[in-house]
Amino acid sequence: MKTRREFIKVSTIGAGGLAAAGGLLTALPIKDIFGQSETVENLKSNANKQLPTYCEICFWQCAAWVNTDEDGEIKSIIGNNDDPHCNGRLCPRGTAGVGMYKDEDRLKNPKLRTTVNGKQVFKDVSWDEAFDFIAEKMNKIKEEHGPECTALFTHGSGGKFLGHMLKAFGSSNIAAPSYAQCRGPREVGFIATYGAGIGSPEPTDIRDSRCLVLIGSHIGENMHNGQVQEMSDMIRNDATIITVDPRFSTAASKSKFWLPIKPATDLALLLAWIHEIIYNDYYDKAYIEKYAYGFEELKAHVKNFTPEWAYGITTIEPKVIRETAREMRNSAPSVIIHPGRHVTWYGDDTQRLRAVAILNALLGSWGRRGGFYNPEGLSLLKYPSPKYPKPKKDWRDAFPGKFKLADLALASGMCDASVPSLSRDCSIKAWIVNGTNLIETLPNQANTLKAIEALDLLVVIDTMPMEITGYADIILPECTYLERYDTVRTSAHRIPTLALRMPAHKPLYDSKPDWWIAKELGTRLGLEEYFGYENIEEMLDWQLKEVGSSLEEMQKIGVKKLDREYPDLYFLNGEDYEFNTNTGKIELYSTALEAEGFDPMPKYTAHPEPDPRFYRLNYGRAPMHTFSRTTNNPQLFDLMEENMVWVNPKVAKEWYLKNGQEVWLENQDGIVSDFSIKVRITERIRFDSVYMVHGFGHTRKQLSRAYGRGASDTQLITNVMLDPVMGGTGMRGNFVTFHTEEPERLNKNIKTDSTKVEGGKA
Amino acid sequence: MAIDTNLCVGCSDCVVACQVENNVPVGYARDWVVEVVEGTYPNLAIELRSERCNHCDNSPCVRACPTGASHYAEGGIVLVTPDECIGCAACIESCPYDARFTHPDGYADKCTFCIHRVQNGQDPACVAVCPTTCMTFGDMDDPNSEISKIVRSRKSKVLAAEAGTGPNIYYLTK
């Protein structure tokens, strides 16, 4: 099918090929080439230096030192000892950050979609041309539909500048897929219980905990650095780890108890634990009496949720449920029922996370040593700029009366609000997409493509030619984190810290930092008064001086540790405390959920199960990769080139599968994976499910290493189980079956690249 | 060197840190991670091991080397002098740990325990980077060193003990 926005696979016309287009690659003054105010001369003095940064390869944002060699070239990246996120030790991805900078497949120049001889291609354009093109389109949308019909999807540090620009333009449609596709339900579940979300990094006091309960959370495979380090401390202290997972995860292998639960039944186990803890008087009476609301209602609610009841649902034996409940009691309050991170599974996720929050409350772990500490961060003053115009509408108008408890915007909601509909007067017409590969991030790809097809403008700002760039009208090459300043990291931890990122090298090619892109584009849109600083150093120095530091100081130390303003790391040891809930208490019975018409206390609902010859698709992380964004990094590709589909030996026998055999996966809706994937036969997975690492199966040939390696789980996630409370997109209700030969496809119109790279290691 | 298999999560940070520190060409590695799964679902165990040259006391590679390029350096660390190596690969064949490879420049290459760092009082790059701090490096000849104490107090094993090479990497187990 020929569409307006054809997925551009390979064709790029370089400066030489389109001379008639004119204005290509104009010579720029040094200052503009750098995109920052240092001169090239200054950069030479970067030889043999240690320059501070914080990592951008995942959201943990570990602070680090970038070492340069005698030529001023980036040599290595080492963790900053003063940083509580990493304690001087980066994870493999952070250590391999140089690979992101050196990746020869990086986006190099701004590119504009154009049609040559009836074929859509990208041509190289100058930044001026790019900005003029975007500004003209955005102003037209503003005139015809209002500025609110524009949206920003972003993941990463640079998004703050682009968000500022969009708010100044008049739109509040700004979302990160890390909310509705990831951690949103846990924030809403904890806010409903404690009046406070979890945030990042999670304030879990793992280091000092006696008992850590992981529910589907695979610490060690997710390299959330500080948590991995603290789990290691726990193992060294011989503390108890209880892991609930249908897969024998790395964490499960380190655990005293592994509960190989039947997938999709976690909530039944949680309710049985709550039952055990209440009916055996294991709970913290003084704590509950002083701080909690709704205990009697909860007690009555869980009366019948016995371990025997849960056994029939979860396949976990009652004696194991009882033993693990006792283990938690024995450690309380030094116990953590970990809230996890990626929790959008079955659509009742907010309720499941409510059960997690309730269990923590019963054990008295919130605000206690070895449970959840009280994190403290510092917020820097915003650089003075005029007030934002007040948007008259936003993405929420597409969902009247729904998702009121969502505390952040939904990326999937903004996507849906971009699909034209007769029932509303305006849909979103322009997307700016920064650092998030929406094709692989949002479930239900067909829906994402439908939304993209209807847009008037799609701007993609990225370092790499990810799938989403193939659908862009215009691509802007962002420089990597090693080549730019960003906002100062101010995340909350046991102590407040500041961390600086500064360039260790000038941006390669014609790439630019987001702060510069936002300022330049903002200026083209007539918003220059919102960007009162000449360059980012001026802004950062002003912000840092307001808190008693300076850019000069931060350039030397990288991380500044500050004293806590609120002395109590653990604050619920009998002190009076008013929670930010309707009752001022920890709400075991949620008045906020009740007011919106939802269950005030969590209930178990059975979820669909696979048909015969189908297996539940579970997916997760590998420690060497961050989703799809690192799969082309030469160093990380070397560690893990492709994902494999994990299959239990019994299942393999039934299908006559061999280790390493290539299969195609087909899901319940007839969607077949673009590429084949190798089978890994392993006892580590249950017989009723398969597992694959997320982020592989790239369809864009410009990713010369990652293209065609492994298969994409996202492509197979077409059944989305929507969380009615906050709009999270539950993704674990998908089932797959195997094809040992490449099958006919129903979904050929979605993607056409179905052959492996020639000469690849397939 | 002692490596605690209970702590290792198999993240392979040791591999990348080594590649970066020692300019190991992409596609080659001086250290690597092995995952051993035992049992049947749901009675399972995993052992994760970061492996590399064992810097054996009685190294077959040193004996196999016709030119003396493979040799014992200060403190018993086994090294290769690239200029003296003729690339015959006899050492590669002789190693029971498969710890050596031919560098694209033609010489036998392997772990050096980051001797250049150790001489400066630093830990090898793999030890220094590990997020789980599962590795300890030190002098086994000094009974008071941290590593001697750990190896004395913990249950441990060496790999391919039957080869009789006197390996110097101790895997701490439960």
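## Close-up views of a predicted model

**View 1. An aromatic pair formed by F248(A) and W258(A).** Both F248(A) and W258(A) are buried in this structure, which is a predicted model. The two residues form an aromatic pair of the tilted kind, with 4.7 Å from centre to centre and 55° between the planes. This pair links distant parts of the chain, since F248(A) lies in the loop between β10 (240-244) and α9 (250-253) of chain A, while W258(A) belongs to strand β11 (residues 257-259) of chain A, 10 residues apart.

**View 2. The ring pair of Y293(A) and Y589(A).** The ring centres of Y293(A) and Y589(A) are 6.4 Å apart and their planes stand at 75°, so the pair is edge-to-face. Distant parts of the chain are linked here, with Y293(A) in strand β12 (residues 292-293) of chain A and Y589(A) in the loop between β19 (586-587) and α22 (591-595) of chain A, 296 residues apart. Y293(A) is partly exposed, at a relative accessible area of 29%, whereas Y589(A) is buried, at 14% relative accessible area.

**View 3. A cluster of aromatic rings.** Y287(A), Y291(A), F571(A), Y577(A) and F579(A) are linked into a cluster by ring pairs. Over all chains, the structure holds 32 aromatic pairs.

**View 4. Arginines placed over aromatic rings.** The charged end of R613(A) sits over the ring of W655(A), at 3.8 Å from the centre of that ring. In another such arrangement, R732(A) lies over the face of Y619(A), 4.4 Å from the ring centre.

**View 5. The largest nonpolar core.** This core has 105 residues, among which W273(A), M328(A), I337(A), L362(A) and W366(A) touch the most other members. Helix α10 (residues 266-279) of chain A contributes the largest share of the core, namely 9 residues. When residues up to four places away in sequence are not counted, L362(A) touches I274(A), I277(A), I278(A), Y283(A), D284(A), I288(A), F295(A) and L298(A). A second, separate core consists of 68 residues, including I74(A), A130(A), L500(A) and W516(A).

**View 6. An open sheet of 3 strands.** The strands of this sheet follow the order β2-β3-β4 (chain A), and their pairing is antiparallel. β2 (50-54) and β4 (74-79) of chain A are the edge strands, each of which pairs on one side only. On average, and with direction ignored, neighbouring strands of the sheet are turned by 30° against each other. Over 5 bridges, β2(A) pairs in the antiparallel sense with strand β3 (residues 63-68) of chain A, and the bridge partner of P52(A) in β3(A) is W65(A).

Note on methods
Residues are numbered from 1 along each chain as its sequence is written. Chains are lettered from A and ligands numbered from 1 in the order in which they are written. This is a predicted model: local features need pLDDT of at least 70, side-chain atom pairs count only at pLDDT 80 or more; totals for chains, interfaces and linings use all residues. Side-chain values use heavy atoms; hydrogens and water are left out. A nonpolar core is a set of buried Ala, Val, Leu, Ile, Met, Phe, Trp, Tyr and Cys residues joined through side-chain atoms within 4.5 Å. Buried means under 20% relative accessible area, exposed over 50%, partly exposed in between (1.4 Å probe, protein chains only). Helices (H or I, at least four residues) and strands (E, at least two) are DSSP runs, numbered from the N terminus. Contact means heavy atoms within 4.5 Å. Two strands pair if DSSP finds at least two bridges between them. Axes are lines fitted to C-alpha atoms, for helices over the stretch in contact, and angles run from 0 to 180 degrees between N-to-C directions. Rings of Phe, Tyr and Trp (its six-membered ring) pair if their centres lie within 6.5 Å; planes under 30 degrees apart count as stacked, over 60 as edge-to-face and the rest as tilted. A charge sits over a ring if NZ of Lys or CZ of Arg is within 6 Å of the ring centre and within 35 degrees of the ring normal.
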